[in-house]
Amino acid sequence: MQAVGGLMSFVGNPGEPASRIPISVNDMGTGLWAAIGILAALFRRQSTGVGETVGVSLYETAVAWGAVQIADYLASGVLPGRWGSGTAAIVPHQAFNCADGAIMVAAGNDRLFRRLCEVLGHAEWAEDPRFGTNSARVQNRATLIGLLGGVFATTPAGTWLAALDAADVPCGKIQSIAEVVAHPQTEALGLLVRTEDEAARIVGLPISFGGVRPGAIGRSPRLGEHNALLPTGQEAQS
């Protein structure tokens, strides 16, 4: 569905083959749309007394994820490109390699770009007509990204993150899954939970009610415990 819904056509880096988002975004997204639709239908039934059928599909979800790209295409006739960690309409808004790792920087407007230039020690770039406005930066993307990347590469990520934070420029370290699992915010939110039988540790539901995350996440199935539920004559596949 990522393929037929158009998502793979604009995911990845320029010049590279089409890429798949390595998450089941359409499966999960369709489930969420179904839940939203059911809740809306229940509220409507309360006021009208009439029930209705809620319809969702993987294809509709896939197309809906590309709503911005589709709207741009319908308005301009230009197909969306592949920008890797960046975005088509805002520059700079992408990952940069530092001396010891990569960070994400989102200078989403001219004011933030000016602050970014000051942090990097090149305030003059904000006055350069090639980079003074976002539209100009989009047109001169390759030149600007090359200049920014050259400066970022000279200094460790932690130094840049601290300086950008102090200047209120949106940024973040590109963390590994191991770092996410160990992050203080993950612990503070209680995002990682254990199954009722303590056999597995998983990500809990990303929602809380009154500050409490839903429990009752079930237990891990025992090896072969559902074999008896298979149709007669059908053996479980290992």
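Predicted model: local features only at pLDDT ≥ 70, side-chain atom pairs only at ≥ 80, totals over all residues.
In soluble globular proteins, nonpolar side chains tend to be buried together. In this model, the largest nonpolar core comprises 25 residues, and those that touch the most other members are I103, V105, L116, L120, L148 and F152. Several elements contribute to this core: the strand β2 (102–106) and the helices α4 (110–120), α6 (141–152) and α7 (157–166) each provide at least two of its residues. The surroundings of F152 illustrate how parts of the chain meet here. Leaving aside residues up to four places away in sequence, F152 is in contact with F96, N97, C98, A99, I103, V105, L116, L120, W160 and L164.

Attention may now turn to the pockets. Rolling a probe the size of a water molecule over the atoms shows where empty space is left. The largest pocket has a volume of about 380 Å³. Its lining consists of 18 residues, and Q69, P80, G81, W83 and A88 are the ones that lie nearest its centre. By class, this lining contains 10 nonpolar residues, seven polar residues and one charged residue. The second largest pocket has a volume of about 220 Å³. It is lined by M28, L32, L205, P206 and I207. The lining of this second pocket has five nonpolar residues, with no polar and no charged ones.

The cysteines form the next topic. The whole structure contains zero disulfides. C117 takes part in none, and the nearest cysteine sulfur, which belongs to C171, is 15 Å away. C117 counts as buried because its relative accessibility is 0%. For C171, the closest cysteine sulfur is that of C98, and the separation of 9.7 Å is too far for a bond. C171 itself is partly exposed, because its relative accessible area is 25%.

With a relative accessibility of 47%, R111 counts as partly exposed. R111 and V169 are 58 residues apart in sequence, yet their C-alpha atoms are 9.5 Å apart in space.

Most residues other than glycine have a negative phi, and most peptide bonds are trans. Against this background, the bond that joins V91 and P92 is a cis peptide bond, with omega about 0 degrees. P92 is situated in the loop between α3 (67–76) and β1 (93–97). Two further residues have a positive phi without being glycine. For D168, phi is near 60 degrees, and this residue belongs to the loop between α7 and β3 (171–173). D168 counts as exposed because its relative accessibility is 55%. For E198, phi is about 65 degrees, and the residue is found in the loop between β4 (192–194) and β5. E198 likewise counts as exposed, at 53% relative accessibility.

S220 counts as buried because its relative accessibility is 18%, and the cut-off for a buried residue is under 20%. Apart from residues up to four places away in sequence, S220 touches T195, D197, A199, A200 and E225.

Methods
Residues numbered from 1 in each chain as written. Heavy atoms only, no water. Buried < 20%, exposed > 50% of the residue type's maximum accessible area, 1.4 Å probe, protein only. Contact = heavy atoms within 4.5 Å. Core = buried A, V, L, I, M, F, W, Y, C linked by side-chain atoms within 4.5 Å. Helix = DSSP H or I, 4+ residues; strand = E, 2+ residues; numbered from the N terminus. 1 Å grid on protein atoms, 1.4 Å probe; cavity = no way out; pocket = protein on both sides within 12 Å on 5 of 7 lines; lining within 4 Å. Points joined across faces, edges and corners; volume = space filled by probe spheres on them. Nonpolar A, V, L, I, M, F, W, Y, C, P; charged D, E, K, R; others polar. Disulfide = S-S within 2.5 Å.
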